[in-house]
Amino acid sequence: MKYHFLGNSGLKVSELGFGAGTLGGQGQIFSAWGQASQTEANQMIQAGLEAGINYFDTADVYSDGESERMLGKALAAKRQQAIISTKVGIRSSDHLNAAGFSRDYLLSAVEQSLTRLGTDYIDVLQLHLFDSFTSLHQLMKTLDELVRSGKVRYIGVSNFAGWQLMKAQAIAEQYGYEKFVVNQVYYSLIGRDYEWELMPLNDDQQMGAVVWSPLGWGRLTGKFDRENPIPAESRLHDTAQFAPPVNEEHLYRVIDALKQIAQETGYSIPQIALNWLLQRPTVASVLIGARNQTQLQENLKAKDIQLSAEQITQLNQASAVYPPYPYYPYWNGQFTERFKALVTSQFI
């Protein structure tokens with residue numbers, strides 16, 4: 001297992017992290033993700049630790065908090081070996097103020113997560129989505145207070161637009177507050193929008209990317225191709241309203257490239273798709289979810305693949321999507337050498 005710094009925090013995280021969204025099995029979305037028992041969760045997390053994983057990610061909204069509780073129990077005797085990341089901000093109850101990032105709710109949400117996780121500090125606290133109703137100055141001040149209190153050690157965001165994230169960073173810089181060091185993003189061979197704005201932002205702000213849904217919401221598991229399209233009764237269709245859309249022909253073009261490389265290397269389609277992400281700029285950790293230990297062990301093999309330069313180029317070209325305005329000029333030669341070195345692999 002390789003380890004990368006989480007942005008400029010000085011904290012080293014495993015290149016593959018454990019995504020605990022599959023724990024709990026409650027509700028339409030999360031029951032489709034996974035329904036592991038506590039015993040199975042204990043076994044998977046122990047296997048992850050033995051393989052070198054030290055980054056474990058969850059959220060208060062996953063299975064109504066059950067994911068946090070199960071993760072906390074599984075790591076109770078191994079707390080010092082683990083970096084626990086959780087996310088808050090998505091509505092999780094009918095209480096009027098139980099969402100967003102007001103000082104009232106944020107402080108309460110952190111206390112509740114600490115209780116469910118069975119720990120007295122959260123290594124990495126991430127904001128699950130942007131809240132346009134709360135003052136960013138108030139938000140950054142509250143996050144700074146949480147870090148100073150010792151209840152939170154590092155902070156980050158997820159699903160923020162570039163301007164939202166940069167505005168928050170600027171406020172923190174101006175007032176001497178704690179700054180974000182991690183940006184949890186959707187990124188995959190069939191979802192490369194991250195590269196257009198957030199990748200250069202992360203590079204500029206020295207933030208590490210933690211990747212969620214690296215297999216494109218289950219589309220790159222190897223179960224689907226031109227001859228075997230996604231069936232109407234699949235788990236993907238059960239949660240399709242939450243999945244990033246993908247053009248069908250684009251999906252199959254990427255799968256065709258993955259199938260060819262799988263034949264050449266002997267590795268599976270999902271293993272190759274995961275490995276491609278491990279080579280990408282600014283990526284600190286790629287989260288692998290698993291419904292059982294067999295699936296976890298298969299995903300862990302992704303770190304051992306050595307793709308050739310030709311195979312990486314093949315994947316880059318098959319997955320490339322021309323970016324919209326105002327980003328496309330940067331893919332046409334009108335950019336600095338530093339930016340060019342970071343992003344031109346989009347079309348290599």
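A crossover is right-handed if, with the strands pointing away from the viewer, the path from the first strand over the helix to the second runs clockwise. In this predicted model, strand S8 (residues 182-186), helix H7 (residues 198-205) and strand S9 form such a right-handed β-α-β unit.

**Strand S9 and its neighbours**
- Four of the five residues of strand S9 (residues 208-212) are buried, so that the strand is mostly covered.
- S9 runs parallel to S8, and five bridges join the two; Val185 has Val211 in S9 as its bridge partner.
- S9 also runs parallel to strand S10 (residues 283-288), to which three bridges join it; here Ala209 stands opposite Val283.

**Salt bridges**
- The model contains 16 salt bridges.
- Lys151 pairs with Glu111, with 2.3 Å between the closest N and O atoms.
- Lys151 is partly exposed because its relative accessible area is 29%, and Glu111 is partly exposed at 34%.
- Arg69 and Glu66 form a salt bridge at 3.0 Å, N to O; they are three residues apart in helix H3 (residues 66-74) and therefore separated by about one helical turn.
- Arg103, Lys141 and Glu145 are linked in a salt-bridge network.

**Surface patch**
- Tyr322, Tyr325 and Tyr328 make a nonpolar surface patch of about 380 Å².
- Tyr328 lies in the loop between helix H12 (309-319) and helix H13 (337-343), and counts as partly exposed because its relative accessibility is 34%.

Conventions. Residues numbered from 1 in each chain as written. Predicted model: local features only at pLDDT ≥ 70, side-chain atom pairs only at ≥ 80, totals over all residues. Heavy atoms only, no water. Patch = residues over 30% accessible without salt bridge, like charges linked within 9 Å, V, L, I, M, F, W, Y side chains within 5 Å. Areas by Shrake-Rupley, 256 points an atom, 1.4 Å probe, with all protein chains shown as cover. Salt bridge = Lys/Arg side-chain N within 4 Å of Asp/Glu carboxyl O. Buried < 20%, exposed > 50% of the residue type's maximum accessible area, 1.4 Å probe, protein only. Pairing = 2+ DSSP bridges.
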